[in-house]
Amino acid sequence: MGLRLLIALHLSPVLGVVYELSEDNFERLVFQPSTTAAFVKFYAPWCQHCQKIAPDWRKVEKAHGKSSSLLVGSVDCSDGPPQPGAGGPGGGGRNPLCDKYRAMSLPTLMYFNPPSSKGFTYEGNKTAADLLAFAKDLGSSCSLSKQDECTDAQKAWLVEYDTMSVEAIKEKASEIMMQADMAKMQMMMVQMQAQEAFGDASLTKAAKDAKMKEFETKMKKMGDAIDESWGQAGPLRVMRMVLHEKEGGKAAMEEMDKFDMMSMMGGMG
């Protein structure tokens, strides 16, 4: 067990630690009552894209290491028990947390707003400036009843959604979440099809090049759809703030969060 994990297990967030999250401590630390939100990186040491983002992620860790409201942590997706026929270049098995939260490509950044255990994928730019701005917003105390740290946009959304019924907010939020899940699922399917075609030895080079170009066009379209859905992440977070404080809102949010398009589509196969 590494030193960073030992510190994460035994010290309070207000002391300023770097959290290495595991199956043993994830739920206890991420969903603790005192935490307003959590920003989590799923990575693997051998992943080049993960190595590229590491310096900027360390800036987020440093900026919020002493925060009592925002937990910033990381999950090593290669840190799991050895499994026959499984594991990446590191030789270990895939961390079950990465499957549970569907960190299918690395790095995957997710954010959580306790007490809800639902995680949302961060689809924004991964520069230090963008990550720091998002983390600051995520860790703010902005809410329907406490708007001192709300941005002007959040205040406007709070006014709009506070006038809506719980059912109307639930319907609008569910639609946004469904569109985001659909865009990501379609992207994953196109990527799988492209990988299959790339490995098809029966295709001529010309035929394979044509298919790759077609898949590239499809992935660009799916990427645009994911970007569009990410544009609704701010309003969605405010809808959930309002539901959290409205009578009957927590129950509606729990019901909303039970919907799992990936599991539903998997069950249809």
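With a torsion of -95° about the S-S bond, the link between Cys77 and Cys98 is left-handed, a disulfide being taken as a pair of cysteine sulfur atoms within 2.5 Å. The model is a predicted one, in which local features need pLDDT of at least 70 and side-chain atom pairs count only at pLDDT 80 or more, whereas totals for chains, interfaces and linings use all residues. Residues are numbered from 1 along each chain as its sequence is written, and side-chain values use heavy atoms, with hydrogens and water left out.

The sulfur atoms of Cys77 and Cys98 lie 2.1 Å apart. Cys77 sits in the loop between strand S3 (70-76) and helix H4 (96-100), while Cys98 belongs to helix H4, so the pair ties together parts that are 21 residues apart in sequence; helices (H or I, at least four residues) and strands (E, at least two) are DSSP runs, numbered from the N terminus. Both Cys77 and Cys98 are buried, where buried means under 20% relative accessible area, exposed over 50%, and partly exposed in between (1.4 Å probe, protein chains only).

The structure holds two disulfides, and the other joins Cys142 to Cys150, with the sulfur atoms 2.0 Å apart. This link of Cys142 and Cys150 is right-handed, with 100° about the S-S bond. Cys142 counts as buried at 8% relative accessibility, and Cys150 is likewise buried, with a relative accessible area of 7%. When bonded cysteines are counted along the chain, the disulfides follow the pattern 1-2, 3-4. Two further cysteines may be described here: Cys47 is buried, with a relative accessible area of 6%, and Cys50 is buried, with a relative accessible area of 4%.

On a 1 Å grid over the protein atoms alone, a pocket is an open set of points where a 1.4 Å probe fits, with protein on both sides within 12 Å along at least five of seven lines, and lining residues have an atom within 4 Å of a point. The volume of the second largest pocket is about 400 Å³, a volume being the space filled by probe spheres set on the points, which are joined across faces, edges and corners. Helix H5 (128-138) and helix H9 (233-245) are the elements that give two or more residues to the lining of this pocket, and H9 supplies the largest share, five residues. By class, the lining comprises seven nonpolar, seven polar and five charged residues, with Ala, Val, Leu, Ile, Met, Phe, Trp, Tyr, Cys and Pro counted as nonpolar, Asp, Glu, Lys and Arg as charged, and the others, Gly among them, as polar.

The largest nonpolar core has 36 residues, of which Phe39, Tyr111, Tyr122 and Leu131 touch the most other members; such a core is a set of buried Ala, Val, Leu, Ile, Met, Phe, Trp, Tyr and Cys residues joined through side-chain atoms within 4.5 Å. H9 gives the most to this core, with seven residues. A second, separate core of 23 residues includes Phe31, Tyr43, Cys47 and Ala103.

In H5, the buried residues are Ala128, Leu131, Phe134, Ala135 and Leu138. They cover an arc of only 140° around the axis, which puts them on the same side of H5, the arc being that of the directions from the helix axis to the C-beta atoms. On the other side of H5, Ala129 and Lys136 are exposed.
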